[in-house]
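Good morning, everyone, and thank you for making the time. I would like to walk you slowly through one protein chain, so please keep the picture in view while I talk.

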Amino acid sequence: TWKSERVIASRQGPHLRLAGGGAGILNFCANNYLGLSSHPEVIRAAVEALEKFGAGLSSVRFICGTQSIHKDLEEKIARFHQREDAILYASCFDANAGIFEALLTAEDAVLSDELNHASIIDGIRLCKANKYRYKHMDMQDLEAKLQDAQKHRLRLVATDGAFSMDGDIAPLREICQLAQKYDALVFIDECHATGFLGPNGRGTDELLGVMDKVTIINSTLGKALGGAAGGYTTGPKPLIDLLRQRSRPYLFSNSLPPAVVGCASKALDLLMESNAIAQSMAAKTQRFRSKMMAAGFTISGKDHPICPVMLGDARLAAVMAEDMLNRGIYVIGFSYPVVPKGKARIRVQISAVHSDEDIDRCVEAFTEVGRKHRALP
């Protein structure tokens, strides 16, 4: 289960070259959902921002670290999500570390899905609110916890929109109904949804028709939206104003570098101009999932480009991932403590820039390796 790092000697994309001579490697484990990490217009926008606004700000936002491009990107993010305002962070991990402590007090309660991302868990640990953990996507358990939390001043339900390890999607309709019934706010982390879920890629709240019922969205610029770095919170303007005054990762971290701002801004432009890239994901995801299940593999989640190939044994996942690389397919095995014991897997991620031939080659390699290691019936 020791984690080693493979060294890439090329741009991020569906085809990679590894240091030491590995060329023509098919990449199936990046969060590069829309293929924008190496998109020529995104790269050009980053270069232009670098030349015009410099390498970095050498400052936090409230001292001398706010440029016009930071404000423009925040406005664009809010418009994309159809919210009042937005605030940028160095990462979504920082956004999750900064929101709960600023928003919640010892009089309040936060109710968190047990499989939420580590950054949400860490952010909740930093606040003094009363903490409830409900069973994964279990609405009966959430309702019971909400009933118990009625004694507190404010109630906040916190969940991933799409869960990164399992590729499943939170039941936001039911969560929002319970939140309305018990006078609670809803927070979602959209890192594995922004850009490609929903008709226009706005995320799980658009996909499930509850954009007007989710109060707070945290997400990333480091996955589908250019793949560089950066995160954000978007929601009601009074909340964003509060975060600018009280959120510690925002107050004490350097501003996002101009090149990062430039590429993220261009990625959003491309997405708002056309939903064609986002819509192309569905067919490619279905192709991989259906062919893998037909071969005999168990694929967790549903209709999400995160496609966990469930294997159970940690060593099996690691050895199969190495054998896949020997066949020119770059995938990584996941085991405890990243996932629960006994639920080791190889997490495959489909990108809009994968061709049908790429997907078929990946399935063929999985089938060969699965038979070799007796992972198939």
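Let me begin with helix H13, which covers residues 314–326 and so contains 13 residues, and which reaches 19 Å from its first C-alpha to its last, close to the 18 Å expected at 1.5 Å a residue. Please bear in mind throughout that this is a predicted model.

If you look at which parts of H13 are covered, the buried residues are Leu 316, Ala 317, Met 320, Ala 321, Asp 323, Met 324 and Leu 325. These buried residues pack against several neighbours, namely the strands E2 (25–27), E10 (306–312), E11 (329–330), E12 (333–334) and E13 (344–349), together with helix H14 (356–372). The two ends of the helix also deserve a look: at the start of H13, a side-chain oxygen of Asp 313 comes to within 3.2 Å of the backbone nitrogen of Arg 315, and just after H13, Gly 328 takes a positive phi of about 85°.

Now let us step back to the whole chain, which is divided into domain 1, made of residues 15–30 + 275–373, and domain 2, made of residues 40–273. The centres of these two domains, taken over C-alpha atoms, are 28 Å apart. Where they meet, 18 residues of domain 1 are in contact with 17 residues of domain 2, and between them the domains bury about 1300 Å², with 57% of that on carbon and sulfur atoms. On the domain 1 side, the residues that lose the most area to domain 2 are Asn 275, Ala 278 and His 304, which together account for 36% of what that side buries.

How many salt bridges does the rule find across the interface of domain 1 and domain 2? The rule finds one. Arg 345 forms a salt bridge with Asp 166, and the closest N and O atoms of that pair are 3.1 Å apart. The elements that give two or more residues to the side of domain 1 touching domain 2 are helix H12 (276–295), E10 and E13, and the largest share, four residues, comes from H12.

Is Arg 244 buried or exposed? Its relative accessibility is 14%, and because the cut-off for buried is under 20%, Arg 244 counts as buried. The side chain of Arg 244 makes a polar contact with the side chain of Glu 74 at 3.2 Å, and another with the side chain of Tyr 250 at 2.9 Å. Leaving aside neighbours within four places in sequence, the residues in contact with Arg 244 include Arg 61, Lys 71 and Asp 85.

The other residue is Asp 189, found in strand E7, residues 185–189, and Asp 189 is buried, with a relative accessible area of 3%. Its side chain makes a polar contact with the side chain of Asn 96 at 2.8 Å. Asp 189 and Ala 158 are 31 residues apart in sequence, and their C-alpha atoms are 8.0 Å apart in space. Again leaving aside neighbours within four places in sequence, Asp 189 is in contact with a set of residues that includes Cys 92, Ser 119, Thr 159, Gly 161 and Asn 218.

Key. Residues numbered from 1 in each chain as written. Predicted model: local features only at pLDDT ≥ 70, side-chain atom pairs only at ≥ 80, totals over all residues. Heavy atoms only, no water. Expected span 1.5 Å × (residues − 1). Buried < 20%, exposed > 50% of the residue type's maximum accessible area, 1.4 Å probe, protein only. Contact = heavy atoms within 4.5 Å. Polar contact = N/O pair within 3.5 Å; in protein donor to acceptor, adjacent residues only side chain to side chain. Domains from an automatic or database assignment. Buried area = accessible area lost by both parts, 1.4 Å probe. Salt bridge = Lys/Arg side-chain N within 4 Å of Asp/Glu carboxyl O.
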